[in-house]
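Hi,

Here is the structure I said I would pass on.

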Amino acid sequence: MSNFKKITEIASSHDNLELMSTADLLNRINREDQQVPMAVADVIPQIEKLVNALTERFLKGGRLFYIGAGTSGRLGILDASEIPPTFGLPHDLVIGIIAGGDGAIRKAVEFAEDDTAQAWKDLQKFGIDVLDTVVGIAASGTTPYVLGGIQSAREQGLLTAGITNNPGSPLALAAEIAIAVNVGPEFVTGSTRMKSGTSQKLVLNMIYTALMIRIGRVKGNKMVNMQLSNNKLVDRGTRYLMEGLQLGYEEASKVLKEFGSVKKAMDNYKK
């Protein structure tokens, strides 16, 4: 721990920001952002380890929980909320929890992230057990809410992972699988909603997309289990069936209505 240095607090490589033109600001931010995918690429082996472990647990009935505070918590909730409409799974299999409760999604709750015991209390409300996985998200890697939750979850035998932007941070050391994305200092010093937040979103995209593919929720490259909850998605599903079953639009639309989902239609339709 003595060697731990918060990269997320290092001074920006850019100064006198208020004197820059809008074009200069935007171009410099863009150049900083281009570093993020390369930093994520460096931690793919750790992401792979998590996805493989998650796949095994999901197929046995396990669930995935994200815990975080502020922007990190909101990103976890955002990804969890996409699972039912995109992949057709129940809403209680991937769950995002934010320090301060649902009210903190829209408005910051002061000092909510400083309670080391609250995350585990929040997790226990879901009847959490050893087949479940808890992923803590914290750019700093020091957020007490996240750190306490990960430590308690690991003590209770759950699989734990930490997504952080500070290698060697307490979160990276506490979690069984450390996904530490070093994106360097932020454009605005310490503003981890920028590159750090972007890297977290990229990692989360990779985790849930790969997991859903591995457990069979995608066929070919199509979201065959998506919920048909609006006209756009019904049209998309119809076009999937046009391609997959070699049907015209009207016939594909009729088949989709008959079976109620793209996957059921692909599995059961006979000309």
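Predicted model: local features only at pLDDT ≥ 70, side-chain atom pairs only at ≥ 80, totals over all residues.

Below is what I found, going from the whole chain down to a few single residues.

**The chain as a whole**

You're looking at 271 residues, of which 47% count as buried. They are arranged with 11 helices and 5 strands, and the C-alpha trace spans about 65 × 50 × 35 Å along its principal axes. If you take the contacts with a separation of 6 or more, 69% of them are between residues 24 or more positions apart.

As for the surface, the chain exposes about 13600 Å², and 50% of that comes from carbon and sulfur atoms. There are 30 positive and 29 negative charges, and their mean positions sit 7 Å apart.

**The inside**

A bit of background: in soluble globular proteins, nonpolar side chains tend to be buried together. In this chain, the largest nonpolar core has 34 residues, and the members touching the most others are Leu 50, Phe 58, Tyr 66, Ile 179 and Ile 207. Helix 8 gives the largest share of the core, with 6 residues.

Which residues does Phe 58 contact, leaving aside neighbours within four places in sequence? They are Arg 63, Leu 64, Leu 93, Val 94, Leu 211, Met 212 and Ile 215.

**Two serines to look at**

Ser 140 is in the loop between strand 3 and helix 6 (144-155). Is Ser 140 buried or exposed? Its relative accessibility is 17%, so Ser 140 counts as buried. The side chain of Ser 140 makes a polar contact of 3.0 Å with the side chain of Thr 142. Setting aside neighbours within four places in sequence, Ser 140 is in contact with Phe 4, Lys 6, Thr 8, Thr 164, Asn 166 and Ser 169.

Ser 12 is found in the segment before helix 1. With a relative accessibility of 14%, Ser 12 counts as buried too. A polar atom of the Ser 12 side chain lies 3.3 Å from the backbone oxygen of Glu 186. Glu 186 also turns up among the residues that Ser 12 touches beyond four places in sequence, along with Pro 185, Phe 187 and Thr 189.

Most residues other than glycine have a negative phi. Asn 16 is not a glycine, yet its phi is positive, at about 55°. You'll find Asn 16 in the segment before helix 1 (22-33), and it counts as partly exposed because its relative accessibility is 42%.

Where is Gln 246? Look in the loop between helix 9 (231-245) and helix 10 (249-259). Gln 246 is another residue other than glycine with a positive phi, near 55°. The relative accessible area of Gln 246 is 59%, so this residue is exposed.

That's everything from me for now.

Cheers

Methods. Residues numbered from 1 in each chain as written. Heavy atoms only, no water. Core = buried A, V, L, I, M, F, W, Y, C linked by side-chain atoms within 4.5 Å. Buried < 20%, exposed > 50% of the residue type's maximum accessible area, 1.4 Å probe, protein only. Helix = DSSP H or I, 4+ residues; strand = E, 2+ residues; numbered from the N terminus. Contact = heavy atoms within 4.5 Å. Polar contact = N/O pair within 3.5 Å; in protein donor to acceptor, adjacent residues only side chain to side chain. Areas by Shrake-Rupley, 256 points an atom, 1.4 Å probe, with all protein chains shown as cover. Lys, Arg positive; Asp, Glu negative; His and termini not counted. Charge placed at Lys NZ, Arg CZ, Asp CG, Glu CD.
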